[in-house]
Amino acid sequence: KLANIYYEGKVISRNIFLKDGSKKTLGTMLVGEYEFDTKSRELMEIISGELFFKIKGDNDWNFVKEGMEFYVPKDSSFSLKIMKIVNYTCSYIL
């Protein structure tokens, strides 16, 4: 399957479709700053690395690292500042 490649290859993920019909992506983000839009609610689980994130409309940046997670609302966007290379799983919640 083809990879999802963003920001000139600095963010790469692959889609996984589970038997129950749910979708996840597994990916890696290199050090840098990125922004993504959401269509559904998303759960970002950080497998390794460190980053700051900010959800659209928030004023403050939040720190997360290996073993932590955060949610992003449906029909929104979020900004990321990757401090150490991040491996993550994103679950799309209907």
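Colleague: How many aromatic pairs does a search of the whole structure find?

Modeller: The search finds seven aromatic pairs. Bear in mind that this is a predicted model.

Colleague: What describes a pair of aromatic rings?

Modeller: Two quantities are used: the distance of the centres and the angle of the planes. Take phenylalanine 70 and phenylalanine 78: their ring centres are 6.2 Å apart and their planes stand at 70 degrees, so this pair is edge-to-face. The cut-off for that label is an angle over 60 degrees.

Colleague: Are phenylalanine 70 and phenylalanine 78 buried or exposed?

Modeller: Both phenylalanine 70 and phenylalanine 78 are buried. They also belong to a cluster linked by ring pairs, together with Tyr6, Tyr7, Tyr34, Phe36 and Phe53.

Colleague: Which ring has the charged end of lysine 81 over it?

Modeller: That ring belongs to tryptophan 61, and the charged end of lysine 81 is 4.3 Å from its centre. In another case, lysine 23 lies over the face of tyrosine 92, with 4.8 Å to the ring centre.

Colleague: How much space lies in the largest pocket?

Modeller: About 270 Å³. The pocket is lined by 17 residues, and Tyr6, Thr25, Phe36, Glu42 and Tyr92 are the closest to its centre. Two or more lining residues come from each of strand 1 (4–6), strand 2 (11–17), strand 3 (23–29), strand 4 (32–37), strand 5 (41–55) and strand 8 (77–93).

Colleague: Which strand gives the largest share of that lining?

Modeller: Strand 8, with five residues. Sorted by class, the lining of the largest pocket holds 10 nonpolar, four polar and three charged residues.

Colleague: Where does serine 40 lie, and which residues does it touch?

Modeller: Serine 40 is in the loop between strand 4 and strand 5. Its relative accessible area is 15%, and the cut-off for buried is under 20%, so serine 40 counts as buried. Leaving aside residues up to four places away in sequence, serine 40 touches Val72, Pro73, Lys74, Tyr92 and Ile93.

Colleague: Where do glutamate 8 and aspartate 75 lie?

Modeller: Glutamate 8 is in the loop between strand 1 and strand 2, and is exposed at a relative accessible area of 79%. Aspartate 75 is in the loop between strand 7 (69–72) and strand 8, and is exposed at 57%.

Technical notes. Residues are numbered from 1 along each chain as its sequence is written. This is a predicted model: local features need pLDDT of at least 70, side-chain atom pairs count only at pLDDT 80 or more; totals for chains, interfaces and linings use all residues. Side-chain values use heavy atoms; hydrogens and water are left out. Rings of Phe, Tyr and Trp (its six-membered ring) pair if their centres lie within 6.5 Å; planes under 30 degrees apart count as stacked, over 60 as edge-to-face and the rest as tilted. Buried means under 20% relative accessible area, exposed over 50%, partly exposed in between (1.4 Å probe, protein chains only). A charge sits over a ring if NZ of Lys or CZ of Arg is within 6 Å of the ring centre and within 35 degrees of the ring normal. On a 1 Å grid over the protein atoms alone, a cavity is a set of points where a 1.4 Å probe fits but cannot get out, and a pocket is an open set with protein on both sides within 12 Å along at least five of seven lines; lining residues have an atom within 4 Å of a point. Grid points are joined across faces, edges and corners, and a volume is the space filled by probe spheres set on the points. Helices (H or I, at least four residues) and strands (E, at least two) are DSSP runs, numbered from the N terminus. Ala, Val, Leu, Ile, Met, Phe, Trp, Tyr, Cys and Pro count as nonpolar, Asp, Glu, Lys and Arg as charged, and the others, Gly among them, as polar. Contact means heavy atoms within 4.5 Å.
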